[in-house]
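Reader: I would like to learn how to read a structure of this kind, feature by feature. Could you take me through it, giving the general idea and then the case at hand?

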Amino acid sequence: MSKSQVGNEKGINTKAYSAENGSLFNTNKADCITLPFGYDNISKLTTVESALSAIQDENKLKEMSSLKFDKDIKKDLLLLPEEYNVFLPFSKNVNEKFDRIKIATDYLCYGEYSLYFIGVLNTVRYAEPYMEKIYLVSMKNNHLVDMKRIYLNHQGEMGFANYTLFNIDKNYIITLQDYEFTESPFKLKPLNKYQILPSGKFSGYYDHDGSYKDGEEQGIVKNHKKEGKWVEFKSNDHIDLKKYPEFTDSYTYLEAEYKNGLPVGKWKFYKLLQEYNEETGEPMVETRKKGKLIYTEMYKDGVVEKREFY
Amino acid sequence: MATRITITDSGQTQTLNSPLAPDTPDDSLQRISTVYFAKKVTTDNGTRVSFTKIDSAHVQRDHQNQEIPYDSILGKTVYLVIETSNMATLSIDAVIRPSANTMTGNTETLQLMRFVSPDRYEAQRMFTVQVGNFDALNNKDGSHAHYTNLQADHINKAIIKLQLRPDGRAVFDEWTRRLAEGSINLEVAVERTDNNPCAYKDEQQEVNGAGIFLNDDTARFRVVGKNIYNIHHGSNTYNTLAVISTNPERRRRIQKVLNNHSTEVVFFYYDQNDNEHRICSRIKETVTRKRRVNTIPPLAQRGTLLQTIDYTANRAAGENIDAHQLLVYSNGTLGDGATDKWYANQQGNVELVNMDILGNAGVGPQIFEAFNYNQNGVIIRYGFQHTRRRSIQPDLFAGFLGSLAQFRQEGHNHYIVSQGFSYSDASCYPSAEHVNGEAGDLNLLTTQQDGVNTILTAANFDYDNAVILRNILYDFGFILGRSENFSNTSNASTADNASTRLPHTTHTATPRHNNHLHVHGFAQIPDIYA
């Protein structure tokens, strides 16, 4: 799905990542991984059984740990605003005191960019820590450019679990598949693909150019990237329901604009009005309407310059 | 001293002539020396029996060693022991009456339920019992032969086993309504069935008429009204509750005495040798039933915001709980988390008790010990981790306590840690199935036995003991369970090397059940009047 809405906010202190911390980030090309890497059969993992089999595949877990998540790092080294629709954003849901954050020695080399694997280990659920999240962090000259969560093994209460599996193919296209295991019948979520833009940022990758539409977004794809006006209907992490007691969910109706896959211009976030299926609890796409304007974002060079709430 | 009262066939008493003045001590007198209520205590693996007095002169203590301000509870099973000398095989009549009219409206003798060997209770007003007859000690097979000290220690006793209740629910309700939070003293009048004289207490001569016991401040039998659960170890041969399956015979393990005029619930456990253990007491809270619905109503339809329970501090301290906060409205509860859920109020109420008896303060990812009972060979220890859902229906709690007690008594020392049942308002964000205190999750057992959680496929998963625990939970009423199919060649158990699943569970991967045992579908416990 779309990358972007928030992008890198202006004013990020990049000094923290450079100089004295430079040694944290390996630059030895001998440690560059070879592609493909990840779950190369990801597009076929469409059932509960196949997904579980992959999630629990010891060999895959070993492959990931062979990246050598050896060095502890601090959370503030990685604080970047994430997309508005990220489930479990890094800034809010990584608890530095109890989650161990580790950077892997092996990394992904992509031209002048280095993409590092940052693992977040859950240390509290079992006697031994386990890998709960992996972020791919794009860097250039020891400066943080972008980050994206590519792996998730979130084990919630009463077995409610969320997983993300990933694959990075030889063309550096990153494929992510989210899974949700709840009491509702299993429903496969859409496969998401991302590419690394020349700027080092991640952006949605679409197989075909032309008009695109799914249950969450619609717009024009050009050169496999979003281009021009897009409309997106997604859960929005910036909506604090306590401030909007009349809302029953945090979905927004977004009028966005992209150029070469990056956000530009003024984005308008309206409340998405929608009804739900009483049986399944799923939103009914045909009932969706634009509600009141909640906030706007102004972008310049793919970076949000101003966020204004109404 | 002897009184001028005799017992008639109707159980009523009437005044007779006064006794003669005592002369000199005479150990050859036929004597009823003492009469008391008692609980049965066995030793030597159930082969020796004795009786412990329960009255104001022999105060019982609770699990925290605090004195209990009463001696028994309406509906409870007790023994009435009449100690005699020189009265072998003679028959004695006994009646029990309240010392004040606050329970029944009068002080007439009570009709109570007497145990009739081997397995029933019968309403009687006058209890006739023979000295040296041990039918009151019979198990469900009508035998007391397992007690080896009856002739040596108890041959001069007349023993009655009875339940402190009338034979009808309506009368019981009337008694408990009148008694409410109060207490009633019960006295006992005894007399030889043949109406011949005998000496009472330490009087020095035999007299006609009845002797009255427990009627002064030297010892009173103080009875109160509360809810009771009687929980039996699976090997308890005195469990006469209904047989629910044969080959092998399985009985109901638990019976309750519902008291409509008390919110306190006392849980008693009868171990494999029928020793009684008072485990704990809890207060029932009545809350509106909840059901998770798929649509969240707008604020205007949620009613008044009654309470906000915030878990920010818990989450910041490393508790892996999913709710950020619970907003309790008059029409339901909004669970605020990654995806909000609405728990709508339903028709009717549900009663819940707080399982967290110790109430350890603080927040964090550690195991919070909630109960650690360790008395007279019974150990019940459990805790909670990564959950604030610690409320449960009293029926399920009785089953939970019984399961843990038996598991431990069978020699398994695992610390049982729960991942939660329901929040105290009967909601259970984010689940639908854990509402109303009717389902719970337990950490999987490990060979370390320390309560720390694991997964089915881990090298420290203690499958063999997990099977034992699951079967015990089943026997105590947790009929349904959820787990996952798995195989594990890395752990010490070999029975799970090939694909298997814990007994009495269905394979459920949505949501996942690879890191906890989910139990639900509890078989409701029948009331003593059912």
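**Reading helices, sheets and contacts**

Author: In this predicted model, helix 4 of chain B passes helix 5 of chain B in a right-handed crossing.

Reader: Which residues of helix 4 of chain B meet helix 5 of chain B?

Author: From helix 4 of chain B come B:Ser403, B:Gln406 and B:Phe407, and they meet B:Ile468, B:Leu469, B:Ile472 and B:Leu473 of helix 5 of chain B. By class, the residues of this contact are 5 nonpolar and 2 polar, with no charged residue.

Reader: Turning to sheets, how should I read the strand order, and what is the order in the open sheet of 7 strands in chain B?

Author: Strands of a sheet pair through backbone hydrogen bonds, either parallel or antiparallel. The open sheet of 7 strands in chain B has the order 27-28-30-31-34-32-33, and its pairing is mixed. At its edges are strand 27 (368–375) and strand 33 (506–507) of chain B, each of which pairs on one side only. Helix 4 (residues 394–409) of chain B packs on this sheet, where it touches strand 28 (378–384), strand 30 (416–420), strand 32 and strand 34 of chain B, and its direction makes about 120 degrees with that of strand 28 of chain B.

Reader: In what sense do strand 32 and strand 34 of chain B pair?

Author: Strand 32 (residues 478–483) and strand 34 (residues 517–522) of chain B are antiparallel partners over 4 bridges, and B:Gly481 stands opposite B:Val519 of strand 34 of chain B. Helix 5 (residues 463–475) of chain B lies across these two strands, running at about 145 degrees to strand 32 of chain B.

Reader: Which strands make up the open sheet of 4 strands in chain B?

Author: That open sheet has the order 19-16-20-21 in chain B, again with mixed pairing, and its edge strands are strand 19 (254–257) and strand 21 (276–283) of chain B. Neighbouring strands of this sheet are turned against each other by 20 degrees on average, direction ignored. Strand 20 (residues 264–270) of chain B pairs with strand 21 of chain B in the antiparallel sense over 7 bridges, and B:Phe268 has B:Arg278 as its bridge partner in strand 21 of chain B. Helix 4 of chain B also lies across strand 16 (227–232), strand 19, strand 20 and strand 21 of chain B, at about 30 degrees to strand 20 of chain B.

Reader: How many residues lie between strand 3 and strand 4 of chain A in their hairpin?

Author: There are 2 residues between strand 3 and strand 4 of chain A, and in the turn A:Gly111 has a positive phi of about 60 degrees. The two strands run antiparallel and are joined by 9 bridges, with A:Tyr107 opposite A:Tyr116 of strand 4 of chain A. Strand 3 (residues 99–110) of chain A also pairs in the antiparallel sense with strand 2 (residues 69–72) of chain A, over 3 bridges.

Reader: Finally, how many residues of chain B are in contact with chain A?

Author: 36 residues of chain B are in contact with 31 residues of chain A, and the chain B side comprises 13 nonpolar, 17 polar and 6 charged residues.

Terms used: Residues are numbered from 1 along each chain as its sequence is written. Chains are lettered from A and ligands numbered from 1 in the order in which they are written. This is a predicted model: local features need pLDDT of at least 70, side-chain atom pairs count only at pLDDT 80 or more; totals for chains, interfaces and linings use all residues. Two strands pair if DSSP finds at least two bridges between them. Two residues are in contact if their C-beta atoms, placed from the backbone, lie within 7 Å. Axes are lines fitted to C-alpha atoms, for helices over the stretch in contact, and angles run from 0 to 180 degrees between N-to-C directions. Ala, Val, Leu, Ile, Met, Phe, Trp, Tyr, Cys and Pro count as nonpolar, Asp, Glu, Lys and Arg as charged, and the others, Gly among them, as polar. A crossing is left-handed if the near helix is turned anticlockwise from the far one by less than a right angle, and right-handed if clockwise.
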